[in-house]
Amino acid sequence: MTNPIIRVEDLNKSYALNRITVSNPTLRDSLVETFRAPLKTLRNAYSSPGETFWALKNINLEVMPGEVVGIIGRNGAGKSTLLKILSRITEPTSGRVELYGRVGSLLEVGTGFHPELSGRENIFLNGVILGMNRREIREKFDEIVAFAELEKFIDTPVKRYSSGMYVRLAFAVAAHLSPEILIVDEVLAVGDLAFQNKCLGKMQDVSLAGRTVLFVSHNLPAVSRLCSRAVLLESGHLISEGPTQDVVTNYLEGAFAAGPSREWDLEHAPGTKELKLVSVNVTKEDGTRLTDVSVHDKVQVKLKYRVAIPNLKFRCALIFFTQGTCAFASVEPQETLRKEPGIYSSTVTVPGDLLAEGEYMIGISIFASRGVKQHFVRLENVIAFHVSDPMTGRSARGDYAERIAGVVSPRLTWESTYEGSRSVTEIQDHDALPDAALGRVL
Amino acid sequence: MLEGPPIETESRQSPYTLPNKPLVVIEPRKAWAPLNLRDLWTYRELFYFLIWRDVKVRYKQTILGVLWVVIQPLMATLIFTIFLGVLARIPSGDVPYPLLVFTGLLPWTFFSAAVTGSGNSLVSNAHLITKVYFPRMIIPGAAIGGRLLDFAVSLTILAALMVYYGVAPTKNILLLPVMVALITIFSWGFGMWASAANVKYRDIGVVLPVFIQLWMFVSPVAYPVSLIPPDWRWLYFLNPIAGIVEGFRSSILGTPFNWGPLIYAAIVAVILFFHSAYAFKKMERSFADII
């Protein structure tokens, strides 16, 4: 039985709200207040007035050495506050944290970079600020410069760098930190996609080297891929913890008020007087409720609706959203006539090996389009589910471990053959193409 | 209540063996926590690097670079010499007036630059304070350290001036390091307090330069103490800087030390330093939240 490397016990952090709103009172205000109401000022000094805002409430958490734990939650859930306390930037109001290793925290890339200094000088400055010592930096210097791909510009002042170069240099330094515990806050949301992937790859190296990582991100696919365990915070409370997939699903249900299934009673059901929704369900093919869909699973979406008048002719359509955009839509091929009033259902099956990793949200539309389009139901983000890749090597990615761009990820057939030695140049050209194309989109 | 999943594979097993005692315990701090000297020692490299950064950045993209360190007090000396020495005929005793002013300006320039610099240091390094941990005391300390380097450079100019005016140092010069230490401790204490107060009340940063400018006129910088009527000197020397600047001058020019004000100034400096250090520790807890 190993002991935890991080132990958090009953951690609380509160902010006095009035102190936040008047964060920089002027000296004059304070003096005037002191003279106008000396007793009140004195009282205030001893009892904190105003409302208290609990940024974190009763957090208990243990992290084992070598674990990679993702911290997810909505904005303002307390993720950053937790990281700030763990990195000793701010103090808890009560509770206790024990750290059994050196902590390196990356709450932003390029902390302490100075625009006037050269890249070389900033590597040393930033490195020391992040807790490395001079010898360590000197040893890793060439590696850092190579990782940032800035060999030519290393003696140029950083203020002349493009923002991309700046971020690359900053991350390169950070990526070469070697504390036992690494705390990372959303720093991957910088740089172009290619560099983001390089960083994710580096993060994976870090975790595989046995380092303990706490990782806050809104990039759920990245969290799913990197973290074995996740913690979900909501308004300062730790509300769920466990295997990443379960927690991510949990989060999606809470965050979008939408899980993989939803039901309405007659009164609140969306729709018109002619037609109202009863329920929407996403299940696996065998009908089991889904918490964790793998990319291989067939996914069924079943709509149930109540038709109130006879002879209604219409069709259903589903729109799948992911990564903030429409991945695809599917429309019932023809409008069907429902002669009798009553409850009907329509089911659509999404084949396996098509969806990409990440969360999908489904919008529903039920409409008739004879002449003028008439919508009975038109809803966005009704239900949500999360797709993950179990990394068995049988998915579209094969044994390629980094991120693959795209809102779908179909499994296609690849074939490579030897075409003889005469047309060497031609073959080289062809070989170069997929790689370059990948580089652009990844 | 917590049942973390078992560590997945062998490769996930950390090669790092856990110490029995936690390396760091994070708890709400008590008001009178002792200074954590070991922590300060661990972060000494950051201290050097912040000094190095300040010095480096200050004269980047300048033509004269570090020469500015000596040009400033030289220009001031020139102006004082013309207006006070030549036109107003302020008596300077046996010492040439320019030398009198320069020996006053050196510690004074250091003091005023150090206090304004460190007073603003926390606020201008807010981006560090909200993103990384290190003992916060390093920041105002490093601001003082950078100015101390400037001070050392200016001392070489003083040596040149002494050669020019044919003033040889006496055994009093042995106390020069003590004077430098005194003014450093005083500036550090004052700067540390100002930097912490400035986090909460930005007024400090605005008031400080004005306040320091006025302070110069009640200190024997551009004139000798002999100008003050003897009956009022006790009041005059309540200003600890007066004693320190006087002492600095004596150690360079070989005039007799005025021990009373000097010892008083030393006591004030030490008390101020420790008071500021504790006040700083107390305010430090809320820096990241209110800066």
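In this predicted model, pLDDT remains under 50 across residues 429-442 of chain A. For that stretch the model has eight contacts beyond four places in sequence. Helix α11 of chain A, spanning residues 424-441, is where confidence in the chain is lowest, with a mean of 47. A further segment of chain A, residues 19-23, likewise stays under 50; here the model has two contacts beyond four places in sequence.

For chain A as a whole, the average pLDDT is 80, and 81% of the residues score at least 70. Confidence in the chain is highest in strand β17 of chain A (residues 342-350), at 92.

Chain A touches chain B through 52 of its residues, and chain B contributes 41 residues to the contact. On the chain A side, the elements giving two or more residues are β2 (52-63), α4 (79-86), β4 (94-99) and α5 (119-129). Of these, β4(A) provides the largest share, five residues. By residue class, the side of chain A that touches chain B comprises 20 nonpolar, 19 polar and 13 charged residues.

Strand β4(A) also takes part in strand pairing between the chains: β4(A) pairs with strand β1 of chain B (residues 24-26). The pairing is antiparallel and runs over three bridges. In β1(B), B:Ile26 is the bridge partner of A:Val97.

Conventions
Residues are numbered from 1 along each chain as its sequence is written. Chains are lettered from A and ligands numbered from 1 in the order in which they are written. This is a predicted model: local features need pLDDT of at least 70, side-chain atom pairs count only at pLDDT 80 or more; totals for chains, interfaces and linings use all residues. Two residues are in contact if their C-beta atoms, placed from the backbone, lie within 7 Å. Helices (H or I, at least four residues) and strands (E, at least two) are DSSP runs, numbered from the N terminus. Ala, Val, Leu, Ile, Met, Phe, Trp, Tyr, Cys and Pro count as nonpolar, Asp, Glu, Lys and Arg as charged, and the others, Gly among them, as polar. Two strands pair if DSSP finds at least two bridges between them. pLDDT is the predictor's confidence in each residue, from 0 to 100.
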